[in-house]
Amino acid sequence: MRVLKIIPERCTGCMRCELACSYEQTGTFQPSKAVIRVSSFEGHTSYAPYTCPQCAEAWCLTACPVEAIGISPAGAKEVMDDICVGCKLCTIACPYGTVFYDPDSHKAFKCDLCGGKPACATVCPTQAILYVEAGTEDWLGSFAAERALPGALAGVR
Amino acid sequence: MADTPYAYAGRILRVDLSTGRIWADPFPGADRRRWIGGAGLGAKILWEEVPAHAGWDHPDNRLVLATGPLAGLPVWGTGGLTVVTRGALTNGATSTQANGFFGANLKFCGYDAIVFQGQSPKWVYLHVTDDKVELRDASSLLGKDTWETQQALEAELRLTGHRLSVYSIGPAGEKLARFAAIQGDYGHVASKNGCGAVMGKKRVKAVAIERGAKGVAAAHPHALLATSEEMAHSLKTDPSTSSLYQYGTLPGVRNLHGMGALPIRNYTTNVWPEGVDVKLWEAKSLREGFDHRGHQCSACGMHHCHMQVIRSGPHKGELVDEPEYEGWAGAGWAIGATDPQQVSWLNTRLDRACLDVNEFGWLCGWVMECQQKGYITDKDLGFRLEWGDVEGAGRLIQMICRREGMGDLLAEGVKIASEKIGGKAAECAIYTMKGESPRGHDHRSRWEEMLDTCTASSGTIDSGPAVFPTEFGLPARISPQDPVAVARQVGTLRGRRHFEDSLGACIFTTRVPIDLLCRSLAAATGWDFRRDEAIRAGRRAVTLMRAFNLRCGIGPGIEKPSKRYGSTPVDGPIAGVSIMDQWEKLLDTWYETTGYDRASGRPLPETLRALGLEDVIEPLWGAGARA
């Protein structure tokens, strides 16, 4: 699966990602409706774009009482507007604060990877946002093997 | 946003400071197409609303902070602010720009411009968040510099970064220094013609705009995104802009020195002083000689604006804004300072005080030369100020900001100060007779810009450097000291700059073919908008500013440089070549090209008619002229 890889050191805070994202979401350039957001700290010239990391174990999805959050073909956790009742539980469950509530439509909204062609990555002029294949190495596996009792896993298949 | 016109918010925010009344006027479709926004909209308001008797410091003067149709859209460098007012240096029209996020954030609040009128009885700042607009008490902000003001408002409003735009004046604006600027979003300065003094006179300390929740719609969004990529490609790859893309205006120092246009020590020389490490002044060194990071304006991908940290010297560790070429010249070469670390510090000090770096360079360089020659004594000034003394120049800023001692006179700008002191001191000051500050070059080798500065109606250059001149039927390159070719170029390009300054975009990201700009505007607005209309719109704006100036009594008699500004270089690449020998010829050709009357300076009735300015004919030429 491809994911959004964000390299904050490259971000210069131009907010183009927010403009493009909001256009995909709403049809107008309206950063208040963007689902990628840049946290900027001018005094430190520090910028950090953040958006939904599309958790494998998605709490928004599990928390939703009406099963309005599904998994799209692109692998994104997606809110289905016709099912969402606007209870905001997903926004509370999300550990990253990247599921939002739209007071105009009374629905939750979040990054859907633009159906597999994320606009934020396309328009970022400094390649601070990349859409890349996620690494699949089992990095906890080697850690576990190292810590495991010698022979404990022998014979386990 | 079905009720919102494409690319515009469709409303102009009006603030009467005398009464505290705040309201929104519509910005109707016909006006949008005729004036576009920014400089065009400002020129219209100035002409219609500021009478001749209302000088820069009169309550009836207007302070227009306008953006344009591209602001808030994903075109590079489109957070644009154009300030239009009757300015303090020329007491005439002003059009001066800054970028950052002003335009984008204002449009997201639902306004295309803010127009101040009247004068507030006490110091205030304007707070804008969507439809909630208030004048708030600014007494706790007084005395703070522009960066401190922004930090204080960030803390008060609990917002950081680009979710809050603050454009403010520092102490120099509060004390009505005639070359005070308006500074915003850490390092973006609308610096010309004392627009900060106008803001100070109106007792507005700052404008704080929270990014609104509204959207800006484009008529053809996909075409807009595609054109925007095309513009980006042009900026990155065209030989005339690729170094600008890479390093902003940093290469200017070396390049301009090569052509004798780097102003060194108040125009007394055009050659690097001995012992200067020239390598430090290459673009790459100016960038990498500091810890740095990009600090881009709305939607911009240029590697232009940066923040940097001073690496050595008394101000080591301080966070500053990477100077533009103008800063390296005004806070550096013009005053004989040659250490980039120190120059960078002084440049940000000027931004924070809200002083125009160009005028400061001419003023401080003049004081230094006068000290050296004994025209201004240590006793007059209160201390000794030698060439290249950056800490001393910092002290001068403080004196100007407090109007302390000689600082009171210096705050009036170099023209008034040198005329007051008189004698030989008056002869070595750099200014135009209209009062506006030349930009940070030695224009004795850039004839096009000296002519442009002296004939301009906007308080700074009107035409600017030639961008794709062949689009205007001009040769790609001209002999720089051919008066006819130079004047024809300046006159023919007239209008392009004011069209750009009406878009809400940056002058650097609009350095693309004008057809590309037109396509971008067409995609944003849905208009069928072509090159001819763009040039007409720009010329209409700048011609109206000229008409405004004529109404205020600013005529062609003072369209010339001061003695030093128009002097003959003594060394360097064009030593001995005098622009003043050709001055009349430059003016003759320029007037012929622009369609203005050589004797009275007035745009000819047929010129006005061709620009759709029929209603200006009678005020300029009298009742009989219309027929």
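This is a predicted model: local features need pLDDT of at least 70, side-chain atom pairs count only at pLDDT 80 or more; totals for chains, interfaces and linings use all residues.
Q: What share of the residues in chain A is buried?
A: A residue is called buried if 20 or more other C-beta atoms lie within 10 Å of its own. Chain A has 157 residues, and the buried ones make up 39%.

Q: Which element gives the largest share of the side of chain A that touches chain B?
A: The contact takes 23 residues from chain A and 28 residues from chain B. On the side of chain A, the elements that give two or more residues are strand E2 (37-41) and helix H1 (16-26). The largest share, six residues, comes from H1(A).

Q: Why do the buried residues of H7(B) line one face of the helix?
A: Leu224(B), Leu225(B), Thr227(B), Ser228(B), Met231(B), Ala232(B) and Leu235(B) are buried in H7(B). Seen down the helix axis, these buried residues line one face because they fall within an arc of 165°.

Q: Which residues are exposed on the other side of H7(B)?
A: Helix H7 of chain B runs over residues 221-237. What covers its buried residues includes helix H8 (242-247) and helix H22 (514-525) of chain B. On the other side of H7(B), the exposed residues are His222(B), His233(B) and Thr237(B).

Methods
Residues are numbered from 1 along each chain as its sequence is written. Chains are lettered from A and ligands numbered from 1 in the order in which they are written. Helices (H or I, at least four residues) and strands (E, at least two) are DSSP runs, numbered from the N terminus. The expected span of a helix is 1.5 Å times one less than its number of residues. A residue is buried if 20 or more other C-beta atoms lie within 10 Å of its own, exposed if 12 or fewer, and partly exposed in between; C-beta atoms are placed from the backbone. The arc is that of the directions from the helix axis to the C-beta atoms. Two residues are in contact if their C-beta atoms, placed from the backbone, lie within 7 Å.
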